[in-house]
Amino acid sequence: MQFAANREVSPSGLGNDRSTSRSPSRPPSRSPSRPPSRSPSSWIMSDEKTNLDLELRNDLLFVNLLKNAPVPVIMSLYSIIQHPQRAENDTLRLISNIVEHKYDISFSLKNLRILIETFRTSPLYSKYLQLNISIDATIKEYQILTEACIVFKYIMPFTRVCVECVERPQLKLYELNNFTLFDESGVDTCSVWYGYCIGCKCSYYCNSLSYSGSKCNFVTRESFKFNEFIYFHGTSTVYHQRVMISFASALLSMCSSVSGFVKWYNDKLDTYQKYSFSGSTSGSRSVIKQSRKMDEKHFQINFLMYEIIKFIFMFIEVDRIEIPMSFRNADDVNTFFYQWKDRCYAAFVRFWMEHKKIFGPVCSDTCSICLVVDGHQKPDRPICKFNNCFDNTINELGPVLVGCPYSSVRNIDGRNPHHLCPKHIEQLNLDTNEDALRFEKSDDLNGIDQCNIKRHELMNHSGRKSSYGILMSFLNCGIVVGFDESIRSESPRRLLRHLIRMAKISMIPRGVVYDNACSIKLYMDANYGGDYFQRS
């Protein structure tokens, strides 16, 4: 379609309404004394002719507009750019600038508004003339030439009224800075808005709410369940839920790591920017600088928080969860995790240990008749080497040596030769007695030493700086029902601690399979009923 250049298009004056031609010098003769007589049939014919003239006039107007203006492009731009949070004049001005850059045709805002309203409300256009065209390339070209950033995504609060006040007043909306939105198909620029209640001084965001002067946010079921975007106040990035689902699927099906997924995502976007797929309708319309990459640590903490909140709402009867104001503060984030870890673990064990009661024997006829316990040392991590940390929650076993679960500080310039965490570095500085670092041999008590399997953790792995992986229990149908991180190596007392923890939550199967079961049997025969394995 060719368009006239370097001129302004106006809908007025297009399609002059003249059904018959008359000479200006010869006006129609009419008797001044009385109007011409009209029969009822002539009235009907005259009304039909008027309607036909009106339809013809509208058709001529449509034809002239289609000949002189890129109507499909303008209407497609309007459908994409217009938004309740964007002023109408700003929308029209942006459309006018894009069309002028592309087709060298200028529109006044008034004429552009008339054109859009004419075609938007026209059944003829919506039924016959509306074209499905891709204008992503046009928008990107305009942004590159003008260095403008057009926002297409608006991240709004999860509610427009205050849910804390009894009167439910309307919230006053405010716009935050433009943030980066990571979607499965690309990176976009989005505008984040929040609502503020003057009465209770509560601020509402996409997934959370906060009170004035508070140092934490609150996530509710309503704010989290029905929202496709993930944005926690205090962060600078918005994620679409599709990105979280993509990583969860990659983790389950391919055992993908966070770093591997983030690298794949960034490389994919780089490849999309190098090649142009003209037939593609998905993807970002915004021009994003190359420096805007997905950050590995930022994505990791947001994914963990997203999954934990989803798990809590799914299995625990709570309607509101308190989360840290900022995810950059490691102490606040660790406090949140430790606050919920015992309740989440109990919900996990109870649900999967009793899955046969919930779903029926979906696995097999022998579902949930046997428990298999085994250690997996591959998922290890650097830990503090402070030995004398005990778990006192199992009354039957008494204090069980488990080790310090915190990560050690890097030994830079010999400042941390013992590879301790900040807490135990401070404790060792206060107590110059290094006996606190000695291994407590009583924890490895076997009662009678009759087994030919010898495991001396201190002697065999004295220089080890990492954990011993995970101690995991799963049913014979292949479902994991319990786990514990092995800060220290497997021992009879630590394995019994693992089993008793699960047994206090839900009934475990009578049959237990373990590769070092002989040591467990010897320990139980020698110590049951004593100080190291009390009756209950």
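Student: What covers the buried residues of α16?
Tutor: The cover includes α15 and β15 (511-514). Keep in mind that this is a predicted model.

Student: Which residues of α16 are buried?
Tutor: Helix α16 runs over residues 517-527. Its buried residues are S519, I520, L522, Y523 and N527.

Student: Where do they sit around the axis?
Tutor: They are on the same side of α16, because they cover an arc of only 165° around the axis.

Student: And what happens just after α16?
Tutor: G529 comes there, with a positive phi of about 95°.

Student: Back to α15. Where is R497?
Tutor: R497 is in helix α15, which spans residues 492-505.

Student: Buried or exposed?
Tutor: R497 counts as buried, because its relative accessibility is 14% and the cut-off for buried is under 20%.

Student: What is R497 in contact with, leaving aside neighbours within four places in sequence?
Tutor: Two aspartates, D391 and D484.

Student: New topic: α3. What should its span be, and what is it in the model?
Tutor: Helix α3 covers residues 88-103, which is 16 residues. At 1.5 Å a residue, it should span 22 Å. The end C-alpha atoms are 22 Å apart, so the two values agree.

Student: Which α3 residues are buried?
Tutor: T91, L92, L94, I95, S96, I98 and V99.

Student: What does phi do just after α3?
Tutor: D104 takes a positive phi there, about 60°.

Student: Where is C255, and what is its phi?
Tutor: C255 is in the loop between α8 (241-254) and α9 (258-274). Its phi is near 55°, a positive value in a residue other than glycine.

Student: Is C255 buried or exposed?
Tutor: C255 counts as exposed, because its relative accessibility is 66%.

Student: What about H419? Where is that one?
Tutor: H419 is in the loop between β12 (400-401) and α13 (422-430). Phi of H419 is near 55°, again positive in a residue other than glycine.

Student: And H419, buried or exposed?
Tutor: H419 is buried, with a relative accessible area of 16%.

Student: On to aromatics. How many aromatic pairs are there?
Tutor: The count comes to 26 aromatic pairs. Take F182 and Y239 as one case. Their ring centres are 5.7 Å apart and their planes are at 25°, so the pair is stacked.

Student: Which parts of the chain does that pair link?
Tutor: Distant ones. F182 is in strand β2 (residues 172-183) and Y239 is in strand β8 (residues 237-240). The two are 57 residues apart.

Student: Which residues form the aromatic cluster with F182 and Y239?
Tutor: F247, F261, W264, Y265, F299 and F303. With F182 and Y239, they form one aromatic cluster.

Student: Last thing. Which ring does the charged end of R320 sit over?
Tutor: The ring of F218. The charged end of R320 is 5.7 Å from the ring centre.

Student: And R501, which ring is under its charged end?
Tutor: The ring of Y345. Here the charged end sits 4.6 Å from the centre.

Definitions and conventions. Residues are numbered from 1 along each chain as its sequence is written. This is a predicted model: local features need pLDDT of at least 70, side-chain atom pairs count only at pLDDT 80 or more; totals for chains, interfaces and linings use all residues. Side-chain values use heavy atoms; hydrogens and water are left out. Helices (H or I, at least four residues) and strands (E, at least two) are DSSP runs, numbered from the N terminus. Buried means under 20% relative accessible area, exposed over 50%, partly exposed in between (1.4 Å probe, protein chains only). Contact means heavy atoms within 4.5 Å. The arc is that of the directions from the helix axis to the C-beta atoms. The expected span of a helix is 1.5 Å times one less than its number of residues. Rings of Phe, Tyr and Trp (its six-membered ring) pair if their centres lie within 6.5 Å; planes under 30 degrees apart count as stacked, over 60 as edge-to-face and the rest as tilted. A charge sits over a ring if NZ of Lys or CZ of Arg is within 6 Å of the ring centre and within 35 degrees of the ring normal.
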